Amino acid sequence: MTTAARKLDAEQRPAPIGGGLDVARVRADFPILQQRVHGKPLVYLDNAATSQKPRAVIDAIVRYYEGSNANIHRGVHYLSEIATKDYEAARRTAQEFINAPHAHEIIFVRGATEGINLVAQTFGRARVQPGDEVLITAMEHHSNIVPWQILCDEKGAKLRVAPINDQGELLLDEFAKLLGRRTKLAAVTHVSNALGTINPLKRMIELAHAHGVPVAVDGAQAVPHMKVDVQALDCDFYTFSGHKVYGPTGIGVLYGKSALLEAMPPYQGGGDMISSVTFEKTSYNKLPYKFEAGTPDIAGVIGLGAALTYVNGLGIGNIGAHEHDLLVYATQVVSAIPGVRLIGTAKEKAGVLSFVIEGVHPHDIGTILDQEGIAIRTGHHCSQPLMDRFGIPATARASFAAYNTREEVDALVRGIGKVREVFA
Ligand code: 7TS
């Protein structure tokens, strides 16, 4: 244990809140966590980049390929019917997971990135005209900046950016002031991947709607950690990636309100998204198929369904409470280390701990921690404008999931101690 961690004696440490999670059992569900890295037990703290996958997800994918692989929605044969049934069952699981009113409002996409691009290129393209504005925040991931820049460039529209304070919290008044006659859309993150800030999303949506502005939400970092209810939020679009919520890579969900999805032009043309085609005219399929051109990632969808079912089994509230406990603990012990500065100290945070160490480049932190078997992410986290806002090129970021433990946070603290020794 480093001196910094030792300094925090038992009474000073926040008492574990426990919650309803049996973390040892959760860990046993994840085969990858059993391995050693560079001779040390793997400490996986890069969950904001992607989470690990439980056996239930891996098995569901294997079961599909071994037992029911077939194309969907087009076969009359047995395997195709099973595959279609499983694919559509996963859609209902996703619908219930975010409390969408209708299953046809769930569009399967490659991930949050594709969900956002879909909205920009269909809804955005039809709605935004020269002189209009699209409003985002200063803490967006590049995938919630660049698609809007592309749209604004094409349309001669303007991207407006709501500022944040030094803690990494959105300035709600400034956000409200930026909503105006020209604002055609607000695209905002629910939770910041680089800071962990949880935005006051419901209030932001109310403010936007009061100006008649629809809101598209990037939920990539929220869905794995908290109950998301799209009806309670009243958001117009909500997107997330499967791979950050214990599911496979390359699959995600875009939710949109029926009326908006109905009115939107299609995103990609191809098989399954049509109801009839002649060389003169094509009419499009009904929702959600209008937005699912071509053979989808069937195994991915089934794996995602298994992941969401797995999360339901643990209880998203239990996961959130456990991660909050880790965050509170990690904040206390890491910030007590001399030379360490936390980036992102919002009152409302999900399980992300971004930090810098005086005189050490974050990449060197990551490399030394890797030698200790500890996986974190270092860099700008695809949020360069946010790094600029804090006047830094990069941070080191530890991010938590259901299977992490306080012992792993202690390992991180010891690892940071090593970094400080090397650079002393
Ligand atoms: N939005 C947010 C808030 C994200 O954190 C990410 C990925 C994305 C969108 C894009 O998700 P994708 O699945 O389509 O790639 N964020 C990160 C990260 O923080 N580290 O690696 C990927």
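Residues are numbered from 1 along each chain as its sequence is written, and side-chain values use heavy atoms, with hydrogens and water left out. Because the model is predicted, local features need pLDDT of at least 70 and side-chain atom pairs count only at pLDDT 80 or more, while totals for chains, interfaces and linings use all residues.

Select T113, H141, S143, S241 and K244 to begin: of the 23 residues lining the largest pocket, these are the closest to its centre. A pocket here is an open set of points on a 1 Å grid over the protein atoms alone, where a 1.4 Å probe fits, with protein on both sides within 12 Å along at least five of seven lines, and lining residues have an atom within 4 Å of a point. The volume of this largest pocket is about 320 Å³, taken as the space filled by probe spheres set on the points. Colour domain 1 (3-34 + 315-422) and domain 2 (57-313) separately; both give residues to the lining, so the largest pocket lies between them.

Next, select helix α5 (residues 112-127), which gives the most to that lining, with three residues; helices are DSSP runs (H or I, at least four residues).

Finally, select F108, V109, E114, Q268 and A293, which lie nearest the centre of the second largest pocket, lined by 17 residues. Its volume is about 220 Å³, and β4 (106-109) and α5 each give two or more residues to its lining.

Key
Domains from an automatic or database assignment.
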